[in-house]
Amino acid sequence: MRLLLVEDDNHVAAALSAVLARHGFDVTHARSGEEALQALLPDTGAPFGVVLLDLGLPDQDGFEVCGRIRKRTATPVIMVTARSDVRSRIHGLNLGADDYVVKPYDTGELLARIHAVSRRTVPGETGPEDQETGADEPLRLGPVLVELPTRQVTVNGVPVPLTRKEFDLLALLAQRPGVVFRREQIISEVWRTSWEGTGRTLEVHIASLRSKLRMPALIETVRGVGYRLVAPAA
Ligand code: CA
């Protein structure tokens, strides 16, 4: 997979490129926002599978670069940021970033996030719209079946009525079982709003889903981070 690494620090870029190359990525390094946008022009070869975007760039604000990348291509963008405050993360997700990691990050976590966002995109397809693969296929999680087109959820064949937000929340987690979703990411995607005041609402919806599905262990709390769906045995 081709990967565009946008990073102005040559030492960081060299170390990261070596790791990524070892994991089979074909890495192109851009040292500025302008270089990154140049690299993404359509006539520069095979499309990139993912962009790793450092927010602290010398020439342009990383958020602005993210917005411009999103206007140009549907390639997933993972923001790499030292700004750990919630507000800037939400801002980035609203600008179309697919995920973010906060420096200093664990390489294993970064690789997992790269694989997760690239799985969500159909190779070769581009465009501003979200692309979910197999959107018509029901999601099967042991006894739980989630049907996206009809918004039906059944447990062992018995329909479980969910509210609109409960369904959206379950569908989000169920599309990537095992992957940890950060609280602010869930809030941004399900409630389409910013963090303040919504944290408690999220907890209430999680509790309600666990209870309605009668499977308290289905959604696991990852302390201090968020939630993940644990796929049960069939
Ligand atoms: Ca930097």
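1. In strand 8, Thr154 has Leu145 standing opposite. The model discussed here is predicted. Strand 8 covers residues 152-155, and Thr154 lies in this strand.

2. The two strands around this position are strand 7 (residues 144-147) and strand 8. They run antiparallel and are joined by four bridges.

3. Is Thr154 buried or exposed? Its relative accessible area is 12%, so Thr154 counts as buried, the cut-off for buried being under 20%. Setting aside neighbours within four places in sequence, Thr154 is in contact with Pro143, Val144, Leu145, Pro159 and Val160. Leu145, one of these contacts, is also the residue that stands opposite Thr154.

4. Which residues coordinate the calcium ion? They are Asp8 and Asp54, each through OD, and Gly56 through O, at 2.2 to 2.4 Å. Along the chain, the donors follow the spacing D-x45-D-x1-G. Asp8 and Asp54 link distant parts of the chain, being 46 residues apart. Asp8 sits in the loop between strand 1 (2-6) and helix 1 (10-22), while Asp54 is in strand 3 (residues 50-54).

5. The two aspartates fall into separate accessibility classes. Asp54 has a relative accessible area of 5% and is therefore buried. Asp8 has a relative accessibility of 33% and so counts as partly exposed, a class that lies between the 20% limit for buried and the 50% limit for exposed.

6. Glu7 is found in the loop between strand 1 and helix 1, and Asp8 is in that loop too. Glu7 is buried because its relative accessibility is 4%, which is under 20%. What does the side chain of Glu7 reach? It reaches the backbone nitrogen of Asp9, at 3.0 Å.

7. Not counting residues up to four places away in sequence, Glu7 touches Val12, Ala13, His29, Ala30, Arg31, Asp54 and Lys103. Asp54, one of the residues touched by Glu7, is also a ligand of the calcium ion.

Note on methods: Residues are numbered from 1 along each chain as its sequence is written. This is a predicted model: local features need pLDDT of at least 70, side-chain atom pairs count only at pLDDT 80 or more; totals for chains, interfaces and linings use all residues. Side-chain values use heavy atoms; hydrogens and water are left out. Donors are N, O and S atoms within 2.8 Å of the metal (3.2 Å for Na, K and Ca); water is not among the atoms, so sites may look incomplete. Buried means under 20% relative accessible area, exposed over 50%, partly exposed in between (1.4 Å probe, protein chains only). Contact means heavy atoms within 4.5 Å. A polar contact is a pair of N or O atoms within 3.5 Å; within protein, one must be able to donate a hydrogen and the other to accept it, and residues adjacent in sequence count only if both atoms are side-chain atoms. Two strands pair if DSSP finds at least two bridges between them.
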